[in-house]
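Let's walk together through one boundary inside a protein chain. Have the sequence and the 3D view ready, and we will take the boundary step by step.

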Amino acid sequence: MVDPLHIVVCGSIVPDPLQTLEPIATPDGPALKNDLLLPAILDPFAAHALYEAAELAKQCAGSRVWLVSLGPKAKLQQVMMSLAQKAPFELVALDGPAHGFTDAHETAEHLAATTAAIPGLDRDRLLLFGGWESASRGQGVTLQIVGERLGIIDQFQGVDRITPREDGSFEVMERVEGGRHLVSLCAGPPALLGWATGERGEPRNDPQMGMKNMRLMMSALQKAVPVTLSAEGFCCRDVRLPGQQRQTRIVKDMQPAEIAQEIFEWIRHD
Amino acid sequence: MDVDIACVGFGPAVAGFLTEISRGLNENPSLASVAAPGMPPQVICCERADDIGFGVSGVVTRGRAIRASFPDFDPSQIPMAAPIAAEKLVYLLDPVGASRRSLPLRTADRLLRILRPLLPFRHSALEIPWIPGFLRKHDGFVLSLGQFTQWVAGQVMAAGNVQIWPASAVAEPLQESGRVTGIRLMDQGTDREGRPEAGFMPGMDIRAALTVVGDGPVGAISQQLDAAFGLPEGHRRREWGLGMKMVVDLPESADLAPGTVFHTIGYPEPEIFGFFYVHPGRVASVGVFVPSWFDNPVRTVWRYLQHYIQHPYLWRFLEGGRLRSWGAKSLEESGRCGEPFLALDGCARIGECSGTTNILTGSGVDEAWCSGVLLADGVLDLMKTGRSFTRENVEVAYVERRRASWLDKELRAAEHARDGFERGFLRGMASMAVTGLTGGRLHLHFAARQARPIRSLEDFCRGRLRSSELQALREDCRIRNLPLHDAVMRCCGWPEIPYDDQLLVSLQDALLLGGKVRAPAGFRDHVRFRDAEVCRTCEARICVEMCSGQAISPDGEGLPVFDREKCVHCGACLWNCTGIDEEGQANLIFSAGAGGLHSAEN
């Protein structure tokens with residue numbers, strides 16, 4: 001019997017990946033054009049973390065899962081309509097900007113303070129989850145700083161699997177250079193796990209779960225604390241999208257090896 | 001799972017319903033759930049699309065019902081909304097000489113060109129100086145339906161009385177002894193044929209005392225209810241349209257005020273109506289409607305839309321613009337003639353699937369909203385008085401309200417407005433004018449035609465292309481697995497589209513740039529073909545020609561193949577299937593489906 005865990009997932013929203021993004025300059029700094037119009041989803045890395053957290057909680061009876069999310073309240077509410085059907089969790093909402101043009105330290109400070117203040121959270125059972133990268137907070141350091149602010153020393157990044165053991169310890173499988181994995185044994189919570197893609201797909205929608213979740217989530221959204229990120233001493237000197245090149249052609253019955261060779265040649269000449 | 005009210009689809013009708021229900025529940029806290037004793041009434045809404053606001057509609061509306069629900073309605077609070085600043089009705093002449101115009105219309109066009117110094121004629125178009133009252137939207141606003149429904153959903157959800165579930169396609173209504181008892185969601189974790197695979201999760205049954213169906217013109221639940229209960233005597237669904245639109249970032253040179261509206265007629269074919277609406281932030285919605293009575297068997301809407309936007313009257317604003325978003329939807333244009341049974345035991349129908357689209361005024365969103373509000377008022381009455389949702393009670397509470405409303409009065413007036421279009425463009429316009437100007441008191445009488453098969457391509461192209469030429473085109477397209485429409489249009493004189501990679505793009509590029517289609521794995525294909533032999537022997541194959549996303553394509557052996565990755569769920573294939581069996585059933589099945597467009601701007 002594994003001891004119950006308290007798993008806090010830090011994750012926010014990002015534009016739906018099918019959207020066309022265009023950075024623009026505003027008097028308040030960089031922003032995305034038509035940001036308000038863009039449909040949003042939970043950051044894919046954070047989503048993996050959340051689904052893994054829900055699965056882990058299922059394995060460790062009595063566990064609880066919180067999602068600490070900093071984003072515009074209205075957008076958070078909309079994303080929760082879908083997310084609430086995927087996994088059981090409790091929402092802790094912060095009403096503030098979700099775009100990536102913010103100081104990771106300042107964002108982390110708010111997330112850490114909010115996490116520390118979760119009623120009933122037992123630090124000795126705490127696993128802090130999040131994405132090892134983020135589609136919006138692209139510095140990829142926010143989660144680590146949250147962990148440091150909470151005094152969590154055992155940190156793992158690029159995690160694809162966690163296996164709890166009877167004695168309270170757990171095995172963590174992390175991605176390392178060269179397409180390999182590193183397996184570590186951690187004595188137990190508290191620990192921080194920045195998830196890569198994990199090993200499970202997106203859960204199916206379960207309206208019954210959604211109905212239960214959403215009752216609590218609406219209350220959490222109503223209580224969302226407004227957060228202003230001052231960005232004092234922080235500026236973005238240049239903002240641009242990764243270069244893209246699109247070449248479309250239709251080829252039927254091409255062998256995988258030929259496709260791979262063509263991609264290889266294309267990358268080599270890029 | 002048991003709830004009190006289950007809604008299908010989150011379009012304007014259900015949005016109106018949930019807005020009023022939510023308020024009613026706030027104002028009547030003593031109302032209690034029957035499904036979950038001790039709780040407030042449990043109201044849920046299942047929406048097929050992956051998120052709220054992924055619908056498509058080019059909306060200019062007077063918004064009477066919407067404003068009645070939101071007396072302080074301020075368009076500036078909704079992205080892309082603006083009050084109407086200017087409105088024009090424009091007759092577009094054919095600048096390329098390829099449009100298929102009758103002799104009287106060609107004569108009229110010549111006359112207009114001769115008289116143009118005396119007329120408001122410019123850029124190959126006549127700005128008609130007077131817009132009939134029934135068409136005017138002067139006191140209304142332009143909207144993005146996606147943004148509007150998102151705005152409504154935010155408010156409805158925040159009130160806490162109602163839950164809306166996107167990505168929850170409803171497969172079928174639950175029925176027991178003629179009573180609708182709820183809905184069944186689509187199975188998850190299946191292959192394309194619907195066979196269970198890893199992670200299979202059977203579609204959940206949601207039992208409800210009242211099922212509110214507002215799933216649009218080609219909704220799976222509406223189709224099944226119509227099949228089970230039929231239509232009232234004399235009602236029929238024969239009139240359809242396919243609307244396709246783009247949302248465009250206008251170039252800086254386009255000095256149009258937000259709220260500028262052009263309604264157009266005459267081009268690219270006389271039967272095709274068009275629209276151009278300007279949103280705040282130098283953004284425009286531009287699109288066309290291709291009706292079912294335009295009997296071109298290769299009626300590709302995308303190609304026509306590309307010619308439409310290049311008309312000089314519009315191109316002067318659009319040149320240099322950039323495609324931002326794109327989509328298409330079917331329109332149920334039978335209006336009140338296609339109204340189903342609005343009340344069933346345990347069920348009510350609202351919105352477009354209930355015949356609310358007004359084909360005379362060219363308005364549907366506000367009418368759909370109105371029907372939802374009327375139902376909500378009735379449902380609240382029934383709940384307050386403790387009456388159940390029997391057909392008789394729903395008739396009294398909802399249908400009688402609807403019959404007494406401006407909605408029904410205007411739908412009645414519009415019933416015969418478009419009868420003349422089956423006899424040609426000019427007769428159609430005359431019949432619309434007479435009906436509209438007399439408020440429906442008079443209409444031109446045309447003997448009702450039986451539903452007839454669409455014309456053959458040879459017949460449609462008579463005088464332009466010989467049979468042998470068409471046969472050669474067919475053979476060439478068959479070998480290359482291509483639809484026929486581009487080849488036929490090219491041979492009929494339509495110029496090639498000068499692609500600019502921004503606005504004039506191929507349909508496949510439009511899917512990438514603006515359509516943003518997603519087809520999640522683990523669901524059954526929503527388009528299937530009952531009998532392959534019927535498809536093999538079908539000569540028209542309009543399902544291929546009219547498919548908005550080229551999701552249905554020929555496979556070289558005469559069979560249409562469906563590719564869910566490209567489907568925008570417009571539903572045009574359903575009403576364009578010519579393989580109708582003796583029981584009136586189409587050979588093409590268009591059922592509940594997951595995924596589709598991922599854009600909230602349309």
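Buried area is the accessible area, found with a 1.4 Å probe, that two parts lose on being put together, summed over both. Keep that in mind as you look at this model, which is predicted.

Start with the layout of chain B. Its domain assignment gives four entries: domain 1 (2-74 + 145-186 + 204-235 + 335-413), domain 2 (77-144 + 237-332), domain 3 (419-454) and domain 4 (486-597). We will stay with domain 1 and domain 2 of chain B, whose centres, taken over C-alpha atoms, are 31 Å apart.

How much area do these two domains of chain B bury between them? The figure is about 2,700 Å², with 58% of it on carbon and sulfur atoms. On the domain 1 side, B:Val56, B:Val60 and B:Arg62 supply 23% of the area buried against domain 2, more than any other three residues. Counted by contacts, 33 residues of domain 1 of chain B meet 28 residues of domain 2 of chain B.

Now for the polar side of the story. The rule finds 3 salt bridges across this interface, along with 14 residue pairs in polar contact. Turning to the domain 1 side that touches domain 2, the elements of chain B that give two or more residues are β3 (58-61), α2 (64-69) and α4 (145-159). Of these, α4(B) gives the most, with 5 residues. By class, this side of domain 1 of chain B has 14 nonpolar, 13 polar and 6 charged residues.

For a pair to look at up close, find B:Lys329 and B:Glu352: their side chains form a salt bridge at 2.7 Å, N to O.

Conventions
Residues are numbered from 1 along each chain as its sequence is written. Chains are lettered from A and ligands numbered from 1 in the order in which they are written. This is a predicted model: local features need pLDDT of at least 70, side-chain atom pairs count only at pLDDT 80 or more; totals for chains, interfaces and linings use all residues. Side-chain values use heavy atoms; hydrogens and water are left out. Domain bounds come from an automatic or database domain assignment. Contact means heavy atoms within 4.5 Å. A salt bridge is a side-chain nitrogen of Lys or Arg within 4 Å of a carboxyl oxygen of Asp or Glu. A polar contact is a pair of N or O atoms within 3.5 Å; within protein, one must be able to donate a hydrogen and the other to accept it, and residues adjacent in sequence count only if both atoms are side-chain atoms. Helices (H or I, at least four residues) and strands (E, at least two) are DSSP runs, numbered from the N terminus. Ala, Val, Leu, Ile, Met, Phe, Trp, Tyr, Cys and Pro count as nonpolar, Asp, Glu, Lys and Arg as charged, and the others, Gly among them, as polar.
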